[in-house]
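Let's take a walk through this structure together.

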Amino acid sequence: MENKHRLNLGLQILIALVLGIVAGILLQGKGEFTSTFLQPVGTIYINLLKFMVVPVVLFSIIEGTISLGDIRRVGSIGWKTFVYYMSTTAVAVIIGIAFATLFQGFFPVLQTSGLTYEAKTANFMEVIVAMFPKNILEPLLKADMLPLILTALLIGLGILLSGDAGQRVGESVKDIYAVIMKMMELVIRLTPIGVFCLMTNVVAVNGASIVSSLGIVLGVAYLAYITHIVVVYGFSVHLFSKMGLLTFLRGMAPAMTTAFTTSSSNATLPLTIRCSNELGADPSISSFVLPLGATINMDGTAIYMGVTSLFIASCYGVHLSVAQLVSIVLTAVLASIGTAGVAGGGMIMLAMVLTSVNLPVEGIALIAGIDRLFDMGRTTLNITGDATAALAVSNWDRKAGAKKSQKK
């Protein structure tokens, strides 16, 4: 009887978010208090989520690969997922550039002298080389997602190819994965507490003044985020999953709220998997597609780069040519493959994009102060896009399975 009267998790998180904003407003100017007493609670929550990331990614991809049951099916699911992710990311950059171009005349002219910002960048081949770990423990200890995903894929494929021995190991992996999912559920129950503490501190420390001078560019980015959700994701879930956008967003609300608060795709991954499965994604596919998406699918980050690149160019009085705009799109799509799904990862990608069109990387300092506010929205968009892929690929796989059954 208790469960019938208990608020669902999504509503609990939403209430915690609203209460956190209200508490933050009431505690404005008392950031020292919230940083001392509330932020640590939020940090504990994020640490627990991050604690779950490596085992969830490792065993979900191994279990997902095993569950697919056929190497040819693994390849089929893999290329469909990759094409879907790269396509939506390319569209996202274009949307970001389009909105930034439309509102460019409203961007404020800011002081650009004396700006400094250091960002570590890597070229494309360095990203490829970094995918292959020197030993099996390195990606686990560093929580480096691309090498971790590759490790999990290799283990999963090895199990599939090992006959009876692989089948025995596979059963053990499934048991371990079931235990990890229970651990994940325990951590997820703490989400409302973590959301409240984190949001209270963000509002109390930063206040409304943080966006006063840069509110326009922030608003343009969020307008583009919303447009991408309504147009691209609305089209995807309707066409590929036969689902209304509002139904999809209601189902994804717990994961989206958590992503908005934590600004981490990886930290939100356990909840993204749960919400996607409840919406109808095949668990064997979502456990394969979603960890991959947390690493290479960066629709929100792509929009952010499109908007902020034009904003920084405008501040420096630089007019970008069509060729440079195309370069931004291509660099953003390729850069998304190598960016970790952690808070602040988008700024590293932005440095790569600015370099590709000869804009000063120091310009990042113009938006660094409110990057957290950009990050909250772009992470929410990133994980929402991951879920649409899980649903779409699940639907395609079911149709392919049905066709094979008819031929037999």
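Start at Val 56, which touches Ile 61, Tyr 177, Ile 180, Met 181, Met 184, Leu 269, Pro 270 and Ile 273, leaving out residues up to four places away in sequence. Contact here means heavy atoms within 4.5 Å. Before going on, note that this is a predicted model, where local features need pLDDT of at least 70 and side-chain atom pairs count only at pLDDT 80 or more, while totals for chains, interfaces and linings use all residues. Residues are numbered from 1 along each chain as its sequence is written, and side-chain values use heavy atoms, with hydrogens and water left out.

Buried means under 20% relative accessible area, exposed means over 50%, and partly exposed is in between (1.4 Å probe, protein chains only).

Now step back to the whole chain. How many helices and strands does it have? The protein chain has 19 helices and zero strands; these are DSSP runs numbered from the N terminus, with helices (H or I) of at least four residues and strands (E) of at least two. Of its 408 residues, 51% are buried. Among contacts with a separation of 6 or more, 85% are between residues 24 or more positions apart.

Next, look at Ser 394 in helix α19 (residues 371-407). Is Ser 394 buried or exposed? With a relative accessible area of 0%, Ser 394 is buried. Apart from neighbours within four places in sequence, Ser 394 is in contact with Ala 281, Asp 282 and Ile 285.

You'll find Lys 242 in the loop between α11 (215-241) and α12 (245-262), and Lys 242 counts as exposed because its relative accessibility is 62%. Its phi is near 50 degrees, a positive value in a residue other than glycine. Most residues other than glycine have a negative phi.

Finally, visit helix α2 (residues 9-26), where Val 22 lies. At 42% relative accessibility, Val 22 counts as partly exposed.
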